[in-house]
Amino acid sequence: QVQLAESGGGLVQAGGSLRLPCTASGRALYHMGWFRQAPEKAREFVAGISMSGRTTNYADSVKGRFTISRDNAKNTVYLQMNSLKPEDTAVYFCAASSGGWAPSDYNYWGQGTQVTVSS
């Protein structure tokens, strides 16, 4: 089992940037991803990255603005968020999958970190 710890959330103005790191416990590699949940909305997939880091996928709403990356030596995955919009405001969750890397495959979750984008 893996434990995930996110950090890096905060308040930023529209057009600004934030980087969210997530560190995983243990030595095993997993597919990693980021999800978010805005108030009164369902949790949604944001971005995912394969175990090797060579393949990524993104939600259409963040393509071209967000970048997911990972450093396997540090067991850390990052979400670089640029050109932030008020509609990006949400709690962001780091996730890991021990199986496939479709959004429905993620089975380990962090506690979440709040990102608030002011207009």
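The model is predicted, so local features require pLDDT of at least 70 and side-chain atom pairs count only at pLDDT 80 or more, whereas totals for chains, interfaces and linings use all residues. Residues are numbered from 1 along each chain as its sequence is written, and side-chain values use heavy atoms, with hydrogens and water left out.

The protein chain contains zero helices and 11 strands. Helices (H or I, at least four residues) and strands (E, at least two) are DSSP runs numbered from the N terminus. Read from that terminus, the order of elements is β-β-β-β-β-β-β-β-β-β-β. The radius of gyration of the protein chain is 13 Å, which agrees with the value near 14 Å that a compact globule of 119 residues would have; the radius is taken over C-alpha atoms, and the globule rule is 2.2 Å times the number of residues to the power 0.38. Along the principal axes, the C-alpha atoms fill a box of roughly 40 × 30 × 25 Å.

Of the 119 residues in the protein chain, 43% are buried. Buried means under 20% relative accessible area, exposed over 50%, and partly exposed in between (1.4 Å probe, protein chains only). The accessible surface comes to about 6200 Å², and carbon and sulfur atoms hold 46% of that area; accessible areas come from the Shrake-Rupley method with a 1.4 Å probe, and for residues only the protein chains shown count as cover. Among contacts (heavy atoms within 4.5 Å) with a separation of 6 or more, 56% involve residues 24 or more positions apart.

Four strands form an open sheet in the order β1-β3-β8-β7, with antiparallel pairing. Its edge strands, each pairing on one side only, are β1 (4–6) and β7 (66–71). From one strand to the next the twist averages 15°; axes are lines fitted to C-alpha atoms, for helices over the stretch in contact, and angles run from 0 to 180 degrees between N-to-C directions. Two strands are taken to pair if DSSP finds at least two bridges between them. Strand β1 is joined to β3 (residues 18–24) by three bridges, and the two run antiparallel. Within this pairing, Ala5 has Thr23 of β3 as its bridge partner.

Strand β4 is largely enclosed by the rest of the structure, because six of its seven residues are buried. Seven bridges connect β4 to β9 in an antiparallel arrangement, and five connect β4 to β5 (residues 44–49), also antiparallel. The hairpin formed by β4 and β5 has six residues between the strands, and Glu40 in the turn has a positive phi of about 60°. Arg36 stands opposite Tyr92 in β9, while its bridge partner in β5 is Glu44.

A search of the whole structure finds four salt bridges, each defined as a side-chain nitrogen of Lys or Arg within 4 Å of a carboxyl oxygen of Asp or Glu. Arg36 and Glu44 form one of these, with the closest N and O atoms 2.6 Å apart. Arg36 counts as buried at 6% relative accessibility, whereas Glu44 is partly exposed at 35%. Arg36 also forms a salt bridge with Asp88, the closest N and O atoms being 2.9 Å apart. Asp88 lies in the loop between β8 (76–81) and β9 (90–97) and Arg36 in β4 (residues 31–37), so this pair ties together parts that are 52 residues apart in sequence. Asp88 is buried, with a relative accessible area of 1%. A further salt bridge joins Asp88 to Arg65, with the closest N and O atoms 2.7 Å apart. This pair links distant parts of the chain, 23 residues apart, with Arg65 in the loop between β6 (56–58) and β7. Arg65 counts as buried at 11% relative accessibility. Through shared partners, the salt bridges join Arg36, Glu44, Arg65 and Asp88 into one network.

Val115 is located in strand β11 (residues 113–118) and counts as buried at 0% relative accessibility. Residues up to four places away in sequence aside, Val115 touches Gly9, Gly10, Leu18, Leu20, Met81, Asp88, Thr89, Ala90 and Tyr92. Val115 and Cys94, 21 residues apart in sequence, have a C-alpha to C-alpha distance of 13 Å.
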